[in-house]
Amino acid sequence: MVTATPQYLNYINGTWKPARLGSFVVNTNPATGETLGHVTVSSAQEVSEAVGAAKDAQVSWCKVPAPVRGEYLYKIGELLKQRKEHLARTLTSEMGKVIDEARGEVQEAIDMAFFMGGEGRRLVGQTVPSELPNKHAMSLREPVGVAGLITPWNFPIAIASWKTLPAIVSGNTVVWKPASDTPALAYEFVKIFEEAGLPKGVVNLVYGSGGTVGEAMVEHPDIDIISFTGSSDTGSQINARAGELFKRVSLEMGGKNAIIVMNDADLDLAVDGIIWSAYGTTGQRCTACSRLIVHKNVKAAIEERLLERINQLTLGDGLDEAVDIGPVVNSEALQHINAYMNVAKKDGATLLCGGHITREGPLANGHYFKPTLFTDVTNDMRIAHEEIFGPVLSLIPVNDLDEAIQVNNSVDYGLSSAIYTNDTNKTFKAMHELNSGLVYINAGTIGAEIHLPFGGTKATGNGHRDSGIAALDVFAEWKSVYIDYSQKLQRAQIDNN
Ligand code: UN1
C-alpha cells in the first residue's frame, strides 16, 4: 500500500512489521477530518507472536538488576522530554485535546518515567521480626511475567506510561494494544522504548480492535496479567473471562464525577474549577466533572457565573493556542453525546446552554459539540447517573451537605469527587464520606499527580490502582521468605505460646 501519510506497524520482538492480513485502517484528525496515517490490522496470530517474544524476553529481563532497569526508564524520560512539543502536537492532531493540555499529558508521562526509574532502586519489600528466635522473616517482590496492556485514547501516552513503566521496571515484559483512535502516539512511545535501547521483546506493540486483539490477549495462556483502562462494559467482560482463567486483572473504568458547591464556598474559585473540570479535554477525561451538586442558596449565582464563562469558550482545532475546547474523538462519540440531549429533555431537565452538535464555519469537518449545561436535574434522571463522556454538565440542587454526599455517592461509579467549602468541619466530613478513589477539596475533579494512586471504587475499578507506588503491586507477586538459622525444628504459632 503506497500512501503519502505514515503507516503504523506492529513492533514485535524488536522489529517493525505489518500484520499478515495486509489490511490497514485510516487514522483521522477529529478536528479537521484530515487523514493522518494508516494502521495495520492484526489478528490473534500477531498476539501469539508478540506474547511468545515477551515470554522469551522475560527470562533474561527479570535477571537485569532493577536499578539497571530503572536506568532505561531515565533514558525514556529524557527522550520524552526532548520530544515533548512534537509528541504534544501529534497528540492534539490525533485525538483533539487542546495543545496546552497535550503538553500537560506528555509531562505526565515524563514524570512517570523518572518516578518509576527511581523505583528501580527501591521496589521495597518488608523485613519484619520473626515470632521465633534465630529466624529471619522478609518479603520480596517478584515480577508476574507477561503483562497485557490495553489503553484508552483519551490519555494515549499518560495512561500508557502508567502501565508500561511500572510493568517493565518490575521485571515483567509487555504486549501493548493501544486504542484504535490513537495509533500515532503508540508508535512514538514505542519508538522511544526502542531508542532507549530496551532489549528486544521487552515491549511489544500490537495494533487492532478490542474484539480481536484485546480478546486474544485475555485468552492467551501466557499472558499473566491484564491491565485495562476503558469502559465498564468491556472491563466487566474482561474481568469475567480472566476470572475463569485465574488471570490477574487490573481495571480502570467509568466515572460520573461530581463537584459539590456549598453555600459558604468561594464561588469564583468554584466556577474556575467547574469550567476546567467539566469542559477541559471536552469532558473526555475519566475524571471529568459531569455532575454539579449545588447548595440551593447559591444555585442562581452559580448558574449566572457559569453561563457567562461558558459563552466565552472558543471551540476549534486544539493546535490553535487560542482555542479552549477541541473536538470530541470521533463521530460515534459525537452521536453518543447528542443522543443524551433527548434523554435529558424527556426526563425533564432544563437546558441552559449548548445541547447540540456544531458545524459552524471552520468547525465544518470536525466533531464538535457545544458546551452544555442542564439545570434542575433530579437524581432519578439518566443524565445524573450515566457516563456521557463529553462537554455536558448537569446541575443538581440540594438542601445541605448530607444530601450532597448522598447524591454524590448514589451513582454506580466512584472515581473522583470534589467539594468547595470554607468550613473545616464540612471539609473533613466530605473527605471521609465521599465514596471515590480521588477526593479534592477546593479544587475540581481533574488533575491527579502521578506519585499517588489513581483509581476508583464500585464500578470504576476492581481494587487495583494505576500510578503511585500502588501501581507496582499490580505488576508484582509478593514472595514471603523465612530463613531459620536455629538448626532445629521451630513451629510457628506453637513453640512460642
Ligand atoms: C483520565 O481521566 O482518564 O487527573 C486520566 C487527571 C489526569 C489523568 C486523567 N492527571 O485528570
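In the predicted model, a polar side-chain atom of N154 lies 3.3 Å from an oxygen atom of the ligand. A polar side-chain atom of T287 is placed 2.9 Å from a ligand oxygen atom, and a backbone N or O atom of G447 lies 3.0 Å from an oxygen atom of the ligand. Of the 320 Å² of accessible area that the ligand has on its own, the protein covers 99% (Shrake-Rupley method, 1.4 Å probe). The residues around the ligand (a heavy atom within 4 Å of it) also include E108, F155, I159, W162, R285 and C286.

Residues are numbered from 1 along each chain as its sequence is written, and side-chain values use heavy atoms, with hydrogens and water left out. Because the model is predicted, local features need pLDDT of at least 70 and side-chain atom pairs count only at pLDDT 80 or more, whereas totals for chains, interfaces and linings use all residues.

S42 is located in the loop between β5 (35-40) and α1 (44-61); helices (H or I, at least four residues) and strands (E, at least two) are DSSP runs numbered from the N terminus. S42 counts as buried because its relative accessibility is 3%, the limit for buried being under 20% (1.4 Å probe, protein chains only). The S42 side chain makes a polar contact with the side chain of N10 at 2.9 Å (a pair of N or O atoms within 3.5 Å; within protein, one must be able to donate a hydrogen and the other to accept it, and residues adjacent in sequence count only if both atoms are side-chain atoms). The side chain of S42 also reaches the backbone oxygen of Y207, at 2.4 Å.

Definitions and conventions: Buried < 20%, exposed > 50% of the residue type's maximum accessible area, 1.4 Å probe, protein only.
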